Amino acid sequence: MTAAVVAGLLAGYGIAIPVGAVGAYLVAVTARTGWRTGAGAALGVATADGLYALLAVAGGSALVPLLTPVTTPLRWASAVVLVVLAVRAAYVALATYRTGGLASRDDGTALGPARAYVTFLGITVLNPMTVIYFAALVLATGPSAPATLPDRTAFVLAALVASASWQLLLALGGTLLGRTLTGARGRLTTVLASSTLIVVLAVRLVARS
């Protein structure tokens with residue numbers, strides 16, 4: 001079981017650490033709304049990673065051929081959602097800045113922890129490459145792949161913990177960023193910069209398809 005835990009931790013960090021558009025959006029949302037909302041968003045991402053890890057160990061070899069044809073459409077859908085969210089955040093920030101209200105912690109999006117959890121869970125689920133990644137890792141290990149129920153459970157839980165710990169670290173970074181930039185101009189600059197970065201990363205996401 002120890003080997004399954006180690007494999008799960010490595011797999012979870014492997015999929016979580018490369019910061020893409022979702023990670024950038026997580027930091028931006030936390031900077032605007034605070035730690036509780038950021039933690040909800042982080043756990044939403046980690047839950048999606050855990051679900052895909054579960055699917056991979058349950059039948060990854062059978063799922064990969066089924067998911068491959070829809071990978072590109074889902075990737076486009078994920079990119080579109082991220083771009084819409086980034087543009088909306090930038091629009092709200094500009095409008096609020098002009099009225100002099102951007103110095104507050106929240107930018108008016110009314111994104112609470114529960115809503116953030118559901119939003120980030122949905123965005124991450126739209127990326128089927130996650131289950132393909134986990135399935136490839138499981139299949140690549142050959143005979144040493146987690147085969148028993150305890151080993152599979154340990155692998156999935158370890159991947160979930162690894163992803164959650166990294167996403168919460170990103171949320172913490174967003175919290176510290178939000179506390180540092182307390183002025184209206186600083187918050188506006190942060191929102192516009194993060195929105196631009198999210199759009200760029202979303203474009204790169206579909207460019208690789």
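Which residues have the most contacts inside the largest nonpolar core? They are Val22, Tyr25, Leu26, Leu82, Phe120 and Ile198, in a core of 21 residues. A nonpolar core is a set of buried (under 20% relative accessible area, 1.4 Å probe, protein chains only) Ala, Val, Leu, Ile, Met, Phe, Trp, Tyr and Cys residues joined through side-chain atoms within 4.5 Å.

This is a predicted model, in which local features need pLDDT of at least 70 and side-chain atom pairs count only at pLDDT 80 or more, while totals for chains, interfaces and linings use all residues. Residues are numbered from 1 along each chain as its sequence is written, and side-chain values use heavy atoms, leaving out hydrogens and water.

- Two or more residues each come from α2, α3 (35-67), α4 (71-98), α5 and α8 (184-207), helices being DSSP runs (H or I, at least four residues) numbered from the N terminus.
- The largest share, six residues, is given by α2.

**Helix packing**
- α2 and α5 pack at about 170°, with axes 11 Å apart; axes are lines fitted to C-alpha atoms over the stretch in contact, and angles run from 0 to 180 degrees between N-to-C directions.
- α2 is therefore roughly antiparallel to α5 (over 145 degrees).

**Aromatic pair**
- The ring centres of Tyr25 and Phe120 are 5.2 Å apart and the planes are at 20°, so the pair is stacked (centres within 6.5 Å, planes under 30 degrees apart).
- Tyr25 is buried at 6% relative accessible area, and Phe120 is buried at 0%.

Technical notes: Phe/Tyr/Trp six-rings, centres within 6.5 Å; stacked < 30°, edge-to-face > 60°. Buried < 20%, exposed > 50% of the residue type's maximum accessible area, 1.4 Å probe, protein only. Parallel < 35°, antiparallel > 145°, perpendicular 65-115°, else oblique.
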